[in-house]
Amino acid sequence: MVIYVHNGITVPMQMVILTLIPIQYMYLLNMILTNLILGVVFGIAVQVDLEVGFQLIISSIPHSVFEIFAYCILATVLFEMNQAIRVNIINIFKKDKAKVSLVKSFLKTMKAYIVFVMPLIIVAAFLETYLADTLLYLL
């Protein structure tokens, strides 16, 4: 449950908050840092003991693939939401205003989160909890 709360609610909420800043791709910062830290930990594990490091990497691949895929789906809809925010800010200074609905963009983001991201994060949490330990034990 704790894994899902962090990966399924906290991280996407941080990405949404970063989306509200009208700087393009700022919402990807959280996802990049998370994967960067994971890569550093894997690198340290491989440096300490090659066999155990590869076992850790192999056992975490299924979870990582589902989790990163879910965050990529969220990032695609957050791109459109960030674009709508930037267009609405630019419209303040322009005479010919482009019509972009921030509410529609937010609803599309929430729909994608509920339909695609949440189920993938739940699957990733189960894979992290059960399959990763089983794979590590088998290796």
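Author: Here is a short chat about this predicted model.

Reader: Great! Let's begin with pockets. How much space lies in the largest pocket?

Author: The largest pocket holds about 280 Å³ of space.

Reader: And which residues lie nearest its centre?

Author: That would be L38, S60, H63, S64 and E128, out of 15 residues that line the largest pocket.

Reader: Which helices supply the lining?

Author: At least two lining residues come from each of α2 (28-48), α3 (50-91) and α4 (102-138). Helix α3 has the largest share, with seven residues.

Reader: Okay, new topic: the surface. Which residues form the nonpolar patch?

Author: The patch is made of L50, F54, I58, I61, V65, F66, V123 and L139. Together these residues have about 690 Å² of accessible area.

Reader: Which helix gives the most to that patch?

Author: Helix α3 does, with six residues. V123, on the other hand, has its place in helix α4.

Reader: Why does V123 count as partly exposed?

Author: V123 counts as partly exposed because its relative accessibility is 35%, and that class lies between under 20% for buried and over 50% for exposed.

Reader: Got it. How about V77, buried or exposed?

Author: V77 is buried, since its relative accessible area is 10%, and buried means under 20%. You'll find V77 in helix α3.

Reader: How far apart are V77 and I37?

Author: Their C-alpha atoms are separated by 25 Å, and V77 and I37 are 40 residues apart along the chain.

Reader: Switching to charges now. How many salt bridges does a search of the whole structure find?

Author: The search finds one salt bridge. E80 forms it with K108, and the closest N and O atoms are 2.7 Å apart. The pair links distant parts of the chain, with E80 in helix α3 and K108 in helix α4, 28 residues apart.

Reader: What are the relative accessible areas of those two?

Author: E80 has 35%, so E80 is partly exposed. K108 has 42%, so K108 is partly exposed as well.

Reader: Let's look at loops. Where does Y25 lie?

Author: Y25 lies in the loop between α1 (2-19) and α2.

Reader: And what is phi of Y25?

Author: Phi of Y25 is near 65°, which is a positive value in a residue other than glycine. Y25 counts as partly exposed, at 46% relative accessibility.

Reader: One more loop residue, please. Where is A98?

Author: A98 has its place in the loop between α3 and α4. With a relative accessible area of 38%, A98 is partly exposed.

Reader: How far is A98 from P119?

Author: The C-alpha atoms of A98 and P119 are separated by 35 Å, while the two residues are 21 residues apart along the chain.

Technical notes:
Residues numbered from 1 in each chain as written. Predicted model: local features only at pLDDT ≥ 70, side-chain atom pairs only at ≥ 80, totals over all residues. Heavy atoms only, no water. 1 Å grid on protein atoms, 1.4 Å probe; cavity = no way out; pocket = protein on both sides within 12 Å on 5 of 7 lines; lining within 4 Å. Points joined across faces, edges and corners; volume = space filled by probe spheres on them. Helix = DSSP H or I, 4+ residues; strand = E, 2+ residues; numbered from the N terminus. Patch = residues over 30% accessible without salt bridge, like charges linked within 9 Å, V, L, I, M, F, W, Y side chains within 5 Å. Areas by Shrake-Rupley, 256 points an atom, 1.4 Å probe, with all protein chains shown as cover. Salt bridge = Lys/Arg side-chain N within 4 Å of Asp/Glu carboxyl O. Buried < 20%, exposed > 50% of the residue type's maximum accessible area, 1.4 Å probe, protein only.
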